[in-house]
Amino acid sequence: MYLRQRSIPLRGSAAALSNNLSVLQLPARDLTHFGVVHGPSAHILSAASEGVPLAQRQLQVKVGVGVSPPLITQVHWCVLPFRVLLVLTSHRRIQMYESDGSVMVYWHALDSGDTSSAQAMFARGIAASVHFICVGTWSGRVLVFDIPAKGPNIVLNEELAGHQTPITDIATERAQGQDGVADMVTADDSGVLCVWRSGTVFTLLTRIPGFGVPCPSVQLWQGIVAAGYGDGQVRLYDATTGALQVQISAHARTVCALDLAPEVGKLLSAAEDTFVHIWKLSRNAESGSIEVEHCHGERISDTQVCGARFCDPSGSSFAVTGYELAEILRFSSV
């Protein structure tokens, strides 16, 4: 069971974007960073464990003098084995910062060369894989950046072409040195999922067809792909074969966020129907089939939820953002 805790105030509010919350826990310093997007700004907050706000920073995309800053689409912390970077995507470029947002170490301009005048370009979907950071784009391509252990010498390593419609989300999981194991999944506006194996060259392992609705959020855990769809369904697939294992009628409206607590296999789903649910994933010891148990449901009254994340790898607490809600809601297990 989870109970409401002290909320963290925002200077602005959250935009109506899927996955509009990123969380970075720093246990050694007893701090948690939160990132929320609103219009042309990304709000970066630091809070103590009891929810006391300590610092707040506002980031915007750098543009020329007299030019209005573009809308930001997502902000996300990428935890690599050797460093943590804060990645910001927008309608014009991708920017990477040191983890506290104080120093920009790299930027990449989006190329409009293959974009028609009727199609807006943007980047969306961010994840870290080994020593790479992967970012999705409006064209369906995924940009793979090679990240050095330190410094700004970041390079575009390759572009992955597995989708025909804009990328919505990317999820990764450390393969822990296992050859041939799927460790990244990408989703798009048509609901198609692509499962990849990372490496010097990324390899497409399987392509999971869509259901005619977008897939705004996706997660990967121990060979299980969890995908949340525009019809409120949460579907679980085998990452190796792409076979549908479980279908959950989780929500009445679009699923806007999924998250996983990797230590315990808890899955969080949040949707525009004002509900946040916690599920427990496991595999049957004998058959190996995926099993799901509902653990908790929370209604965020009169709020269009747009972001939700666990605040720790054990899933003992989570945070929620809502459209035009000037605070981050916090919940902890009891």
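**Reading strands, sheets and a buried threonine**

Reply: Strand 8 is mostly covered, with six of its seven residues buried. Buried stands for under 20% relative accessible area, exposed for over 50% and partly exposed for what lies in between, with a 1.4 Å probe and protein chains only. Strands are DSSP runs of E of at least two residues and helices are runs of H or I of at least four, numbered from the N terminus. This is a predicted model, in which local features need pLDDT of at least 70 and side-chain atom pairs count only at pLDDT 80 or more, while totals for chains, interfaces and linings use all residues. Residues are numbered from 1 along each chain as its sequence is written, and side-chain values use heavy atoms, with hydrogens and water left out.

Me: Which strands pair with strand 8, and over how many bridges?

Reply: The general idea is that strands of a sheet pair through backbone hydrogen bonds, either parallel or antiparallel. Two strands are taken to pair if DSSP finds at least two bridges between them. Here strand 7 (residues 72–79) pairs with strand 8 in the antiparallel sense over seven bridges, and strand 8 pairs with strand 9 (residues 93–98), again in the antiparallel sense, over five bridges. Strand 7 and strand 8 form a hairpin with four residues between them, and Val79 has Val84 in strand 8 as its bridge partner. The hairpin from strand 8 to strand 9 runs through two residues.

Me: Where is Thr89 placed, and is Thr89 buried or exposed?

Reply: Thr89 belongs to strand 8 (residues 84–90), and Thr89 counts as buried because its relative accessibility is 0%. Across the pairing, Thr89 stands opposite Ile94 in strand 9.

Me: Which polar contacts does the side chain of Thr89 make, and which residues does Thr89 touch?

Reply: A polar contact is a pair of N or O atoms within 3.5 Å; within protein, one must be able to donate a hydrogen and the other to accept it, and residues adjacent in sequence count only if both atoms are side-chain atoms. The side chains of Thr89 and Thr73 are joined by such a contact of 2.7 Å, and a polar atom of the Thr89 side chain lies 3.3 Å from the backbone oxygen of Ala123. Contact in the wider sense means heavy atoms within 4.5 Å. Leaving aside residues up to four places away in sequence, Thr89 touches Ile72, Thr73, Gln74, Ile94, Ala123, Arg124, Ile126 and Val135.

Me: How is strand 23 covered and paired?

Reply: Seven of the seven residues of strand 23 (residues 255–261) are buried, so strand 23 is largely enclosed by the rest of the structure. Six bridges join strand 23 to strand 24 (residues 266–271), and the two run antiparallel. Asp259 stands opposite Leu268 in strand 24, and Ala261 has Lys266 as its bridge partner in that strand. The two strands form a hairpin with four residues between them, and Gly265 in the turn has a positive phi of about 75°.

Me: How many helices and strands does the chain have, and what is its radius of gyration?

Reply: The chain has zero helices and 29 strands. Its radius of gyration is 19 Å, close to the 20 Å that the globule rule gives for 334 residues, so the chain is as compact as a globular protein of that length. That radius is taken over C-alpha atoms, and the rule is 2.2 Å times the number of residues to the power 0.38. Of the 334 residues, 54% count as buried.
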